[in-house]
Amino acid sequence: MSSRPGILTIDPILPFMREQLEQSFELHPYTTPEDLQSFAPSIRGITTGGASGVPAEIMNALPNLEVISVNGVGTDRIDLQEAKRRNIRVATTQNTLTEDVADMAVVLMMTVMRDVVNNDRFVRAGSWPHSPLPLSRSLTKKRVGIAGFGHIGQAIAKRISAFDMEIAYFNSHAKPDTPYRFEPDLKSLAEWCDVLILAVSGGARSANMINNDILTALGKDGFLINIARGTVVDENALLDALKEKRIAGAGLDVFQNEPDINPAFFSLTNTVLQAHQASATVETRTAMGNLVVNNLIAYFTDGTLLTPVV
């Protein structure tokens, strides 16, 4: 048996991460609970993604687990209370993906409001000489509500202010150091805005916070943009609102049950859909991967984490 710490890799890791980790650790990809039993006592660390987290059955099966290094910022699929109880340290790749995720929110907003995807299909189909296209929506002077005003929400606000859009935000508490209006009631924010952008954390507190009431408040001319978590949205309510044109459209990077998302989304022309790609750039994924590795190295070198959550 290797004397090097065992690391369980729940999600696939990039080749450069594997190369760095293999210099210091014994890597074990997760396959099945049965396979895990054979090497579970040797596992002292985990790498995982924010969407995968660490299921309870895996955490419970690892008696010597000491540290979890998350390739992402989400911890809603990790039992942090249990981690604290067992003195298991948790780190994320916070502050590495803010800019790209904020960019994706703007991309989705512009793409769905200006009907870019349908226009692209129209041109490729050779339809331009033969039929007119419906008009799209202007961004300028529109009202944007941002639900969740942490680093990502504030980065979104910075970007869309360049479009001369009016901005207000919903958050667990006001941010007095920002120039934007704080709205403590989400439904009031939805009634006020033309575009509602979701940048909240996942987890039980935010589950299905975008429900039929909020979508009705957003209204037939309103657009929903989600770069947060799929769990934040009641998808049945959203699908009904999109089909019935009770909202104008949606730009979605995240879904419930991804990647096996509800196929009802596929036929909707008033949506722009992305495969959870907000942080998926070469630059950001490289920075995230390096931080995942460096958190593990730091922990097993001197017991510290560069970006601790627990």
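User: Which residue lies over the face of Trp 192?

Analyst: This is a predicted model, in which local features need pLDDT of at least 70 and side-chain atom pairs count only at pLDDT 80 or more, while totals for chains, interfaces and linings use all residues. Residues are numbered from 1 along each chain as its sequence is written, and side-chain values use heavy atoms, with hydrogens and water left out. A charge sits over a ring if NZ of Lys or CZ of Arg is within 6 Å of the ring centre and within 35 degrees of the ring normal. At 4.9 Å from the ring centre of Trp 192, the residue over its face is Arg 181.

User: How many aromatic pairs does the count come to?

Analyst: Rings of Phe, Tyr and Trp (its six-membered ring) pair if their centres lie within 6.5 Å, and they are called stacked with planes under 30 degrees apart, edge-to-face over 60 and tilted for the rest. By this rule the number of aromatic pairs is six.

User: What is the centre to centre distance of the pair that Phe 149 and Tyr 169 form, and why does this pair tie together parts that are apart in sequence?

Analyst: The pair of Phe 149 and Tyr 169 is stacked, with 10° between the planes and 4.1 Å centre to centre. Phe 149 lies in the loop between strand 6 (143-147) and helix 7 (151-160), whereas Tyr 169 belongs to strand 7 (residues 166-170), so the parts tied together are 20 residues apart in sequence. Here helices (H or I, at least four residues) and strands (E, at least two) are DSSP runs, numbered from the N terminus. The distance asked for is 4.1 Å.

User: Is Phe 182 buried, partly exposed or exposed?

Analyst: Buried means under 20% relative accessible area, exposed over 50%, and partly exposed in between (1.4 Å probe, protein chains only). Phe 149 is buried at 0%, and Tyr 169 is buried at 1%. Tyr 169 also forms a tilted pair with Phe 182, at 5.4 Å centre to centre and 45° between the planes. Because its relative accessibility is 27%, Phe 182 counts as partly exposed.
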